[in-house]
Amino acid sequence: MCRLAAITSNKYFSPMENILALETMKEGHDGSGLGLTLKNLGGEFEDLKAYPVMSGICSRRGVEILDDYMDKLGFKLKHEWTPKIKPVKGIVQRDYYFAKAYDYPKSYRDKPMHEKEDLLMNTRIALRKIGEPDESIFVFSFYPDVITLKEVGDPLELGEFFGLDRDGLKAKIIFAQGRQNTNYQIYLYACHPFFIQGYCSMTNGENTAFVPIREFLTSRGFPGYMGYNSDSEVFTHILHYAVRQLNFPLIYYKDVVTPLKISEIENRKESGALRLIKQSLRPLCIDGPNMVIGFTPDGTCFMVQDSKKLRPGVVAGIKGKYALMSEECGIDKAIPKRDKSMDIFPMKYDMVIVSPGAEEVKVWNQLQG
Amino acid sequence: MEPAAGLRLDHNHQLSLREFPYIIRWRDDRCKRCGKCTAVCPVKAIEPTVKVQRHVSSEGDFPAPKAERKVIQIVEQVTDMERYCTGCGTCTLVCPNEAIEPEFNPQNKFLHYKNKGGEGYKRGGRRNDPAISTLDRLKFTRISMLTDPALDAGRHEFRVRTLLGRILPPEELPLKIENNKLFVNKDSSKFIPPVREIYPIMIGSMSVGALSPPMWEGLAMGVSYLNEVEGMPVVMCSGEGGMPPRLLKSKYLKYFIIQIASGYFGWDEIIHALPHMVEDPAAIEIKYGQGAKPGDGGLLMAQKVLKLIASIRGVPQFIDLASPPTHQTKYSIEEAVAKMIQSMSMAWGFRVPVYPKISGTRTARAVLNNLARNPYAAALSIDGEDGGTGAAYNVSMDKMGHPIASNLRECYLDLVKQGKQNELPLIAAGGIGKKGNLAANAAALIMLGASAVSIGKYLMQAAADCFGDESNRCNLCNTGKCPRGITTQDPKLYRRLDSDKVAERVVETFKAADVELRKIFAPMGRSTELPIGMSDGLSTDDKAMAERLGVSYAC
């Protein structure tokens with residue numbers, strides 16, 4: 001089962017903190033891959049927050065295609081980051097890893113964010129489609145203040161490979177996944193965390209209801225609901241669908257993926273709305289066992305799981321820095337100095353929400369609302 | 001020359017027993033001549049008779065054969081096609097000495113002859129095809145193992161429930177946010193259709209009239225018990241022909257789906273009972289077709305229209321009650337379906353789901369797409385070719401109609417294309433449990449995309465010991481001579497059936513199916529929601545079938 005390490009802080013920190021936390025959980029991941037998503041970027045991207053950053057991997061030919069495509073759309077390159085690669089035995093180096101910050105095409109600069117988001121997503125998907133057949137282009141995210149890195153290999157070795165221990169790349173929210181490859185091929189697009197228009201999540205467990213959920217999402221007519229090389233990608237898209245598309249407050253993500261029984265719904269104040277949500281979003285019930293860690297565009301981080309998740313995740317930390325991880329040993333590594341009696345192991349009705357800036361942690365109980 | 005054959009010189013135009021579907025095996029040495037078998041035979045296929053027998057014997061030390069003519073009493077099968085042995089086996093049931101039983105004759109030429117008077121063969125039951133159906137060739141192959149541990153069917157909490165009724169798309173929910181919470185926006189004029197949470201196995205439409213009083217009563221009692229005591233929200237459809245007036249005015253009405261069909265039988269009484277109803281029915285089913293006899297109307301024969309039936313249906317006694325093949329108001333699908341759904345919805349103040357039932361057909365998707373655009377259509381029930389009936393022409397049953405599996409699947413996938421797979425529930429019927437695998441067949445259809453399944457014939461077999469099978473055994477439902485007392489209005493026959501026993505068996509059957517459904521869902525890791533459309537869970541050993549249904553091929 002995949003191992004997950006998310007940290008949210010009010011100060012910039014290096015992704016190595018997440019990777020070292022993953023290293024303590026090594027018995028649970030098999031080194032088949034690492035996924036990193038950084039939000040609220042520091043370092044060289046600190047002053048570029050308004051500009052969308054495209055992260056991905058290209059072959060030599062892919063770079064030309066990508067640059068040409070971006071140029072034609074009118075995106076102007078503002079800044080480019082490439083990792084200082086240190087060859088590591090066992091990791092096959094690809095041609096070109098990058099995070100490029102662009103300025104919007106002129107016609108979009110004054111458009112509302114919703115429209116800009118659609119442009120960014122459509123651009124990412126178009127590039128994905130161009131580059132996927134010959135694996136010349138992989139684009140993982142294209143959004144302001146967000147960078148995603150993915151590669152096949154052991155997380156610690158990949159940290160070294162990307163030179164993250166030496167690089168100044170920092171962020172205030174970093175999600176990391178150490179991959180345990182199960183029933184899907186080792187493929188970069190199957191690697192968590194998944195990201196869409198400001199919403200990001202990573203999951204462990206297996207999604208037994210994957211096919212009906214995928215069919216429901218793809219039939220929404222939203223171009224971003226595609227891919228699904230991993231059954232976990234649907235969790236990110238459900239989050240996006242519920243919060244961005246349907247405009248539900250975040251807590252209702254829990255009510256969508258793990259709906260209450262009708263008898264339990266009666267005890268909630270908003271029972272009428274919940275009954276309708278349970279019916280209309282019936283195909284999005286995840287039926288697990290899964291634990292989901294996610295963030296939303298405002299920097300809120302959360303953890304939820306379904307009733308079948310036998311081994312809960314854990315949320316712990318101190319004011320200003322919280323970690324949401326699949327194993328406690330990871331948190332011990334990342335935030336050793338804390339009151340362990342305050343560690344939170346969310347149960348089936350719980351949704352743990354860490355406010356932006358890691359200010360406070362709330363456990364929202366679904367049963368009581 | 002012996003005049004053994006009476007006045008006839010040859011036996012032409014007389015059928016031999018080899019032409020008959022069932023041949024009676026009667027054992028002279030065991031029979032005590034009590035006469036029970038001949039008395040009970042519903043079709044008088046056997047009769048007591050006497051024969052002259054030449055008996056040769058010899059006594060003493062040396063052979064001295066003596067021929068003697070004896071008159072003996074035997075039980076004989078008649079060779080009259082109108083009194084063919086149906087193989088029901090009631091004779092075997094009553095025989096104290098196991099001296100008699102019918103044996104299926106696969107070489108029979110029954111259908112060549114069963115058309116006396118120029119009338120095609122009519123019967124009850126379902127399609128006579130004992131082959132393994134598609135449903136029984138589907139296996140559940142996505143077993144949760146180490147990455148997603150399987151659940152404990154006995155201890156884990158399962159929610160085996162489904163929804164009946166039109167479900168609003170999430171984008172159209174009339175919700176508003178107050179203090180970061182979602183509430184129903186009461187100022188919105190958006191119509192919220194009625195939706196029922198029910199058990200995913202429903203009891204299909206079998207009418208009062210087609211069924212005997214103890215059978216219908218037994219089913220109704222069983223359903224009420226399942227709801228009230230076992231907490232299983234099983235619903236049952238009335239079939240065409242109304243419902244007992246007391247039931248219409250009782251609190252138990254909520255467990256029943258009232259059917260309206262082309263004859264509108266019983267609807268005068270139902271409409272008059274409306275002001276006295278204390279509960280709404282579970283739903284209204286508009287019958288446009290039936291899988292067993294697509295495009296054919298219903299018929300309740302005069303001999304079944306006794307006082308009770310006549311009063312419930314609002315007709316005189318002892319007349320044939322024919323429902324036309326189509327609704328008389330049907331000019332177009334808009335006329336027939338849309339108006340009827342509107343009228344029925346209006347009768348109950350739009351508080352009751354109203355849905356049509358059609359027979360399986362290649363044109364099902366056309367109907368489906370019309371319903372998908374009609375915001376008042378609550379579901380679509382599709383009855384496949386293996387569905388049962390109380391009376392139909394054999395040709396309709398055996399040769400007309402569409403198998404349910406691919407019909408249901410293409411309808412579901414059509415809804416998926418439109419993103420409406422959760423808005424319009426599909427109910428699948430026809431041949432579920434044909435080989436006894438009720439839960440497995442139901443689960444397979446659910447994973448192909450059905451929200452619920454409907455059963456009829458299976459329940460008659462399981463709850464009331466119906467003799468009928470796909471080798472044309474018994475299948476006398478249309479004649480009113482049901483030897484089990486299930487489909488008859490003759491008190492001498494239906495007194496054989498104990499309604500309490502039927503109810504008990506209905507409950508047992510549903511409880512067992514529930515356990516089996518859990519035994520299927522648990523290893524697949526599903527417990528919280530019904531795995532509707534979870535097609536990755538299914539496999540078949542036939543490549544063409546796998547391709548058609550969009551499931552995997554496993555061998």
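These legends walk through close-up views of a predicted model.

**View 1. Where chain A meets chain B.**
Let us start at the contact between the two chains, to which chain A brings 33 residues and chain B brings 38 residues. On the side of chain A that touches chain B, α5 (210-218) and α9 (271-280) of chain A each supply at least two residues. Of the elements on that side, α9(A) gives the most, with five residues. Sorted by class, the residues of chain A that touch chain B come out as 16 nonpolar, nine polar and eight charged.

**View 2. An open sheet in chain A.**
Here you can follow six strands of chain A, which form an open sheet in the order β7-β2-β8-β1-β14-β13, with antiparallel pairing. At its edges are β7 (146-151) and β13 (314-318) of chain A, and each of these pairs on one side only. From one strand to the next, the twist averages 10 degrees.

**View 3. Strands β1 and β14 of chain A, with a helix across them.**
Moving in on the sheet, strand β1 (residues 3-13) and strand β14 (residues 321-325) of chain A pair in the antiparallel sense over five bridges. Helix α1 (residues 16-24) of chain A lies across β1, β8 (171-178) and β14 of chain A. This helix, α1(A), runs at about 150 degrees to β1(A).

B:Val56 sits in strand β2 (residues 46-57) of chain B. Is B:Val56 buried or exposed? B:Val56 counts as exposed because its C-beta atom has 8 others within 10 Å, and the cut-off for exposed is 12 or fewer. Leaving aside neighbours within four places in sequence, B:Val56 is in contact with B:Pro65, B:Lys66 and B:Ala67. For another landmark, look to B:Arg69, 13 residues apart from B:Val56 along the chain, with 8.7 Å separating their C-alpha atoms.

**View 4. Helix α5 of chain B.**
Helix α5 (residues 213-228) of chain B has 16 residues. From its first C-alpha to its last, α5(B) reaches 22 Å, close to the 22 Å expected at 1.5 Å a residue. Its buried residues include B:Pro213, B:Pro214, B:Met215 and B:Trp216. Further along α5(B), B:Val223, B:Ser224 and B:Leu226 are also among the buried residues.

**View 5. Helices α10 and α12 of chain B.**
The axes of α10 (residues 364-372) and α12 (residues 404-418) of chain B come within 10 Å and cross at roughly 35 degrees. The crossing of α10(B) past α12(B) is right-handed. On the α10(B) side, the contact is made by B:Ala364, B:Arg365, B:Leu368 and B:Ala372. Their counterparts in α12(B) include B:Asn407, B:Glu410, B:Cys411 and B:Leu415. By class, this contact of α10(B) with α12(B) has five nonpolar, two polar and three charged residues.

**View 6. Helices α14 and α16 of chain B.**
Our last stop is another helix pair: α14 (residues 457-464) and α16 (residues 499-521) of chain B pack at an angle of about 115 degrees, with their axes 8 Å apart. The crossing of α14(B) and α16(B) is right-handed. Which residues meet in this pair of helices? From α14(B) come B:Leu459, B:Ala462, B:Ala463 and B:Ala464, which meet B:Val502, B:Arg505, B:Val506 and B:Thr509 in α16(B). By class, the contact of α14(B) with α16(B) has six nonpolar, one polar and one charged residues.

Notes
Residues are numbered from 1 along each chain as its sequence is written. Chains are lettered from A and ligands numbered from 1 in the order in which they are written. This is a predicted model: local features need pLDDT of at least 70, side-chain atom pairs count only at pLDDT 80 or more; totals for chains, interfaces and linings use all residues. Two residues are in contact if their C-beta atoms, placed from the backbone, lie within 7 Å. Helices (H or I, at least four residues) and strands (E, at least two) are DSSP runs, numbered from the N terminus. Ala, Val, Leu, Ile, Met, Phe, Trp, Tyr, Cys and Pro count as nonpolar, Asp, Glu, Lys and Arg as charged, and the others, Gly among them, as polar. Two strands pair if DSSP finds at least two bridges between them. Axes are lines fitted to C-alpha atoms, for helices over the stretch in contact, and angles run from 0 to 180 degrees between N-to-C directions. A residue is buried if 20 or more other C-beta atoms lie within 10 Å of its own, exposed if 12 or fewer, and partly exposed in between; C-beta atoms are placed from the backbone. A crossing is left-handed if the near helix is turned anticlockwise from the far one by less than a right angle, and right-handed if clockwise. The expected span of a helix is 1.5 Å times one less than its number of residues.
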